[in-house]
Amino acid sequence: MKGLKKQLELLEDLSSFSLGRFFLENKSADGYWTDYIINYPQTGAITGENSDGNSFSFVEKFILEKAPLTLATRERFGIFQKYTQKFLKNDMKIASIPCGVMRDLLSLNYKNLSFSIVGVDLDLNSIKLAEKLASDYKLSKHIHLLQGNAWDLPFQEELDLITSSGLNVYVSEEKKLEELYKAFYLSLKKGGHLVTAVLTYPPGFSKKSEWALERLSEENLLMEKVLFQDILGCKWRNFRTVDEIYKDFHSVGFTDVEIVFDSFRIFPTVIGRK
């Protein structure tokens with residue numbers, strides 16, 4: 001009874017703020033809310049106000065400040081930027097698939113470079129937000145945005161770099177995952193790079209967990225499980241071991257594959273070179 005009462009209290013808390021209500025309705029975060037979570041240290045953490053203009057509740061503060069997956073996602077964002085910045089060169093054609101609001105690419109340093117960026121997303125709202133953000137960064141003339149399916153891309157060995165985060169974690173079918181990576185591979189020029197991220201297995205599964213449990217609070221792990229798994233039933237279900245990650249990328253043709261772990265080894269960045 002005590003456990004049920006606690007879950008009901010958490011559910012009521014989730015219902016009290018917009019991010020929580022979106023999770024309850026969709027079991028995942030879209031481009032807007034992913035950007036909101038990643039940029040919290042530069043926004044809400046400073047203002048003390050959430051997207052509704054209110055103070056943060058216990059649950060929203062936990063999601064934004066303590067949830068291991070949030071911390072890994074935020075670190076992953078920084079790793080993406082580090083590597084994509086390193087790969088930038090003149091006359092590049094870059095794609096973000098799905099693009100979300102595309103802050104990871106739009107906030108890079110393109111000084112003295114000639115380049116173009118394509119954003120592809122099924123979510124029209126994300127495309128509109130990416131368009132606005134591109135304007136804010138004064139990069140509108142470099143951006144082309146498409147509403148489309150990542151499995152049916154209009155590119156054939158055209159792209160120098162693809163970044164992709166937030167899609168493969170929802171793909172549980174092995175064949176569909178392989179087709180996604182193959183679509184990326186075929187879209188890249190020879191020597192081009194895919195920068196993506198993959199969730200490793202949490203503790204409690206039959207397969208080996210890579211998570212650095214010594215760096216994680218048991219209390220935070222339990223709270224994250226209760227919120228995201230027991231209450232929300234979030235849709236991310238594609239977990240991979242390190243061996244499976246290498247196999248997935250090698251099987252579609254990527255030769256050089258590098259895995260860059262976040263501090264908790266939860267959401268590693270994977271870099272594949274064609």
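Guide: The following dialogue takes up several features in turn.

Guide: This is a predicted model, in which local features need pLDDT of at least 70 and side-chain atom pairs count only at pLDDT 80 or more, while totals for chains, interfaces and linings use all residues. Residues are numbered from 1 along each chain as its sequence is written, and side-chain values use heavy atoms, with hydrogens and water left out.

Visitor: How many aromatic pairs are there?

Guide: A pair of aromatic rings is described by the distance of the centres and the angle of the planes. Rings of Phe, Tyr and Trp (its six-membered ring) pair if their centres lie within 6.5 Å; planes under 30 degrees apart count as stacked, over 60 as edge-to-face and the rest as tilted. By this rule there are 13 aromatic pairs. Tyr-110 and Phe-115 are stacked, because their ring centres are 4.1 Å apart and their planes stand at 15°.

Visitor: Is Tyr-110 buried or exposed?

Guide: Buried means under 20% relative accessible area, exposed over 50%, and partly exposed in between (1.4 Å probe, protein chains only). Tyr-110 has 8% relative accessibility and therefore counts as buried; Phe-115, at 9%, is buried too.

Visitor: Which parts does the pair of Tyr-201 and Phe-239 tie together?

Guide: Tyr-201 and Phe-239 form a tilted pair, 5.9 Å centre to centre with 45° between the planes. Helices (H or I, at least four residues) and strands (E, at least two) are DSSP runs, numbered from the N terminus. Tyr-201 lies in the loop between strand 6 (199-200) and helix 10 (218-231), and Phe-239 in strand 7 (residues 239-240), so the pair joins parts that are 38 residues apart in sequence. Tyr-201 is buried at 10% relative accessible area, and Phe-239 is buried at 10%.

Visitor: Where does a charge sit over a ring?

Guide: The rule requires NZ of Lys or CZ of Arg to be within 6 Å of the ring centre and within 35 degrees of the ring normal. The charged end of Arg-265 sits over the ring of Phe-261, 3.8 Å from its centre. Arg-76 lies over the face of Phe-80, at 4.4 Å from the ring centre.

Visitor: How many disulfides does a search of the whole structure find?

Guide: A disulfide is a covalent bond between the sulfur atoms of two cysteines. With a cut-off of sulfur atoms within 2.5 Å, the search of the whole structure finds zero. Cys-99 is buried at 6% relative accessible area, and Cys-234 is buried at 2%.

Visitor: Why is helix 3 described as largely enclosed?

Guide: Six of the eight residues of helix 3 (residues 31-38) are buried, so the rest of the structure largely encloses this helix. The buried residues are Gly-31, Trp-33, Asp-35, Tyr-36, Ile-37 and Ile-38. They pack against several helices, including helix 2 (18-26), helix 5 (58-65) and helix 6 (68-87). Ring pairs also link Phe-22, Tyr-32, Trp-33 and Tyr-36 into a cluster. At the start of helix 3, a side-chain oxygen of Asp-30 comes to within 3.3 Å of the backbone nitrogen of Tyr-32.

Visitor: Which residues touch the most other members of the largest nonpolar core?

Guide: In soluble globular proteins, nonpolar side chains tend to be buried together. A nonpolar core is a set of buried Ala, Val, Leu, Ile, Met, Phe, Trp, Tyr and Cys residues joined through side-chain atoms within 4.5 Å. The largest has 62 residues, of which Leu-19, Ile-63, Tyr-110, Leu-227 and Ile-266 touch the most other members. Another core, of 28 residues, lies apart from it, with Leu-153, Leu-159, Tyr-181 and Ala-183 among them.

Visitor: What does Glu-224 touch?

Guide: Contact means heavy atoms within 4.5 Å. Not counting residues up to four places away in sequence, Glu-224 touches Phe-62, Ala-67, Pro-68, Leu-69, Thr-70, Trp-211 and Gln-229. Glu-224 is placed in helix 10 and is buried at 8% relative accessibility.

Visitor: Which peptide bond is cis?

Guide: The bond from Ile-97 to Pro-98 is cis, with omega near -10°. Pro-98 lies in the loop between strand 1 (92-96) and helix 7. Met-102 is found in the loop between strand 1 and helix 7, and its phi is near 70°, a positive value in a residue other than glycine.

Conventions. Polar contact = N/O pair within 3.5 Å; in protein donor to acceptor, adjacent residues only side chain to side chain.
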